[in-house]
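This report covers selected side-chain features of one structure. The sequence and coordinates come first, the description after.

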Amino acid sequence: MFQKVLISDDLGSINQGVLTVLDSLSIKNVQQVQYCDEAYLKIKKAILDDAPYDLLITDLSFVTDHREEQFASGEELVIALKKEHPELKIIVYSVEDRLQRVRSLIGTHKTNAYVCKGRRGLMELSDAIKTVSNDEIYVSKQVESALSPKTNLEIDDFDIELVKLLSNGLSQDEISAQLKSKNITPSSLSSIEKRLNKLRIQFKANNAIHLIAIVKDLGLI
């Protein structure tokens with residue numbers, strides 16, 4: 001079981017619930033922060049002091065205030081830490097239940113668990129901590145389909161970006177121009193048309209509006 005844990009969440013009431021769970025698991029060495037940058041610095045310092053944290057439990061959304069932050073979200077924090085310290089176990093504890101985000105954090109960025117806040121959130125968090133301590137992955141029931149190879153989730157980040165831009169009301173010409181301005185490829189009009197046609201066929205969408213609705217219902221955007 002974990003010996004040293006850091007909680008990163010800007011709501012004290014949430015932190016109190018997490019503390020209760022950790023205490024029930026006899027984990028006593030626990031510290032709390034309310035900013036992503038503070039979490040990052042604490043973890044880096046602990047490693048330098050040869051007293052690293054075993055586990056980080058973090059939210060994804062943090063309310064912005066007067067402080068200027070390097071990491072604007074828990075997602076950015078997780079990605080940076082997993083890249084620099086892949087051995088650090090990280091559990092995301094969030095109200096966010098978009099399947100694409102779960103798939104990205106678990107599959108691409110190697111987050112160890114994703115727990116959805118809710119009525120069963122603290123019970124699931126307890127299960128997640130036990131599971132991760134055994135070097136296994138844990139995902140809440142309501143988002144576990146994000147990891148299923150049998151779902152219509154075989155689309156990449158470029159496809160997601162296309163549909164997002166389309167949902168914002170941009171025409172294909174405007175999408176092409178925006179992609180070019182961001183140096184994202186492919187950005188030609190023909191490539192965009194082909195990609196959107198492929199997505200319409202894949203999701204059995206009648207038109208662009210129907211495609212956006214389906215993708216939103218699946219929690220991909």
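## Aromatic pair

Tyr40 and Phe71 are both buried (under 20% relative accessible area, with exposed over 50% and partly exposed in between; 1.4 Å probe, protein chains only). The model is predicted: local features need pLDDT of at least 70, side-chain atom pairs count only at pLDDT 80 or more, and totals for chains, interfaces and linings use all residues. Residues are numbered from 1 along each chain as its sequence is written, and side-chain values use heavy atoms, leaving out hydrogens and water.

The structure holds one aromatic pair (ring centres of Phe, Tyr or the six-membered ring of Trp within 6.5 Å; planes under 30 degrees apart are stacked, over 60 edge-to-face, the rest tilted). Tyr40 and Phe71 form this tilted pair, at 4.9 Å centre to centre and 50° between the planes. Tyr40 lies in helix H2 (residues 36–48), and Phe71, 31 residues apart from it, in the loop between strand S3 (55–58) and helix H3 (74–84). Helices (H or I, at least four residues) and strands (E, at least two) are DSSP runs, numbered from the N terminus.

## Asp37

Helix H2 also contains Asp37, which is buried at a relative accessible area of 13%. A polar atom of the Asp37 side chain lies 2.6 Å from the backbone nitrogen of Gln70. Beyond its neighbours within four places in sequence, Asp37 is in contact with Glu68, Glu69, Gln70 and Phe71 (heavy atoms within 4.5 Å).

## Helix H6

In H6 (residues 157–167), the buried residues include Phe158, Ile160, Leu162 and Leu166. The buried residues of H6 pack against helices H4 (99–108), H7 (172–181), H8 (189–202) and H9 (208–217).

Notes. A polar contact is a pair of N or O atoms within 3.5 Å; within protein, one must be able to donate a hydrogen and the other to accept it, and residues adjacent in sequence count only if both atoms are side-chain atoms.
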